[in-house]
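Please examine the structure shown here together with its sequence. The paragraphs that follow lead from the surface to a metal site and then to a helix.

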Amino acid sequence: MPIETTPVFVTRGTGPAPDAELVAVPFGPGPALAPDAAPWLELPVPVDALLAHYEAKGEPGEVVEAPTARDGGVRRVLLYGIGDGSAAASRKAGAAVARRAKGRASLSVVVPSEGRAAALAEGALLAAYTFTIGDGRAKPVKEIVFIGGDERDLREGETAARATALARDLVNTPSSVKTPAWLAEQAKAVAAGAGLGVRVWEGPELGEFGGIRAVGQGSISPPCLIQLSYTPDNPRAHVVLAGKGITFDTGGLSLKPTEGMKAMKTDMAGGAAVIAVMSALAAVEAPVRVTGLVACAENSISGSAQRPGDVITQYGGRTVEVLNTDAEGRLVLADALAYAHAELDPDVVIDIATLTGAAKVALGPSIGAVYATDESLAAALLEAGEAAGDRLWRMPLVEDYRTMLESDVADLANVDREKSGAAGSIAAALFLREFTGGRPWAHLDIAGPARAGSDEGEITKGGTGFGVRLLLRYLAA
Ligand code: BES
Ligand code: MN
Ligand code: ZN
């Protein structure tokens, strides 16, 4: 599964091997070709004429295929546009060539000297990602040889791509396999591989975690809380990441209709992002201590499921009236946030969750919503997202709306009691804020971008791994 394509990094001087099956050469709106690519590039017509013929402008994503005379035979070359050479353009360019090489044994990519090697490699490897159970579809290219470019940069792109692919795998795994216990096993395997500390609360150990227990009580697969710890020497700060790990969201007794339930195996995408980020912190040499929490439960229906109107006690003692069992993500996350505040003494807390359909309606499939109680944290996340290719948009914590969450019988209600239906994503953020103890906190609602309906650039259909590259960039800085 994950990324089956093997990247190989070679220095530019060597050029592509004479028997290279498929060679990709960059071109841009500026100088037509990477100069050192030209000597061995024997095109049937001058390159300018060829590009003009195809009306190719050098935009990222453009790929012009041409035959070349090489090694006494005819081979194919892919001329690929690199646009302005920005990270975003390079990612898109890398993705386009990797897709063109689908089903091939090998692709050699000449890395443009003026482009971003990390982003090019990241885009190519992420576009080569596949998840199939069985043997149905065309295989991704087996090997990509990157010619030229700084090897450290290229490896950086590979690290980000592999972490993102891990999140995609976890998200794409069907919920018949993906129980909370299965997620905990995956986290333990990641911890062993990356040298992280790991602790899992399950069964009676979840005693105080009333939100996690209530959401999980209707399922035959019991809930759990996963904690992963990364501690570098002399850490600059302590960041807690909390992910929503709902392994399947039926809505509970507030049952979802078929259409709304179809994609709900992806409702642990926030938790998957946390596990994936933790897996790569050592590789990116993050200078901060990071604790990852994943609050896992299956939101199922049965005679033991929680009911609308039940009152639960969250970690720390606050009571919540559960007016809608489909607003379950905030219940499991509230426990994680309250625990982080009480026990971990973090400098910054960031949660990431497929929390509300409203966030998806507001921002669509390409952009995540970010809420923050701290200006510099918001700015840092927005910047990291822009640079990493996981775009965010800041949303307001509207104080006037806080009264929506008042309950007649408990400290809080889990949804708007008036059922106005307005500002659902903001209401959820305001609910979570109650459990942060006033610490600098940001909330990422990734209900839109966590899942893609089709392949596009470095994004592949299904789980996208949204948030992994953004958080890695934020934590590595
Ligand atoms: N997991 C859903 C949110 C979601 C919806 C994610 C669509 C991805 C795509 C969440 O648990 C949920 O059901 N939220 C409710 C909240 C409502 C009951 C206040 C929603 O958005 O409808
Ligand atoms: Mn739900
Ligand atoms: Zn959910």
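In this predicted model, Ile 301 has a relative accessibility of 39% and therefore counts as partly exposed, since that class lies between the limits of 20% for buried and 50% for exposed residues. Ile 301 is found in the loop that connects strand 10 (289-299) with strand 11 (310-313). Together with Leu 253 and Leu 255, Ile 301 forms a nonpolar patch on the surface, and the accessible area of the three residues together is about 250 Å².

The metal site may be considered next. Lys 244 (NZ), Asp 249 (OD), Asp 267 (OD) and Glu 328 (OE) coordinate the zinc ion (ligand 3) at 2.0 to 2.4 Å. Along the chain, the donors of this zinc ion are spaced as K-x4-D-x17-D-x60-E. The arrangement is octahedral because the six donor atoms around the zinc ion (ligand 3) subtend angles of 78 to 173 degrees. For six octahedral donors, the ideal angles at a metal are 90 or 180 degrees. Lys 244 and Asp 249 are both buried.

Helix 9 comprises residues 329-344. At 1.5 Å a residue, its 16 residues should span 22 Å, and the end C-alpha atoms are 21 Å apart, which agrees. Of these 16 residues, 13 are buried, so helix 9 is largely enclosed by the rest of the structure.

Note on methods
Residues are numbered from 1 along each chain as its sequence is written. Chains are lettered from A and ligands numbered from 1 in the order in which they are written. This is a predicted model: local features need pLDDT of at least 70, side-chain atom pairs count only at pLDDT 80 or more; totals for chains, interfaces and linings use all residues. Side-chain values use heavy atoms; hydrogens and water are left out. Donors are N, O and S atoms within 2.8 Å of the metal (3.2 Å for Na, K and Ca); water is not among the atoms, so sites may look incomplete. Four donors count as tetrahedral if all angles lie between 85 and 135 degrees; four count as square planar and six as octahedral if opposite donors are over 155 degrees apart and all others between 65 and 115; anything else is irregular. Buried means under 20% relative accessible area, exposed over 50%, partly exposed in between (1.4 Å probe, protein chains only). Helices (H or I, at least four residues) and strands (E, at least two) are DSSP runs, numbered from the N terminus. The expected span of a helix is 1.5 Å times one less than its number of residues. Patches are made of residues with over 30% relative accessible area and no salt bridge: like charges are joined within 9 Å, nonpolar side chains (Val, Leu, Ile, Met, Phe, Trp, Tyr) within 5 Å. Accessible areas come from the Shrake-Rupley method with a 1.4 Å probe; for residues, only the protein chains shown count as cover. A salt bridge is a side-chain nitrogen of Lys or Arg within 4 Å of a carboxyl oxygen of Asp or Glu.
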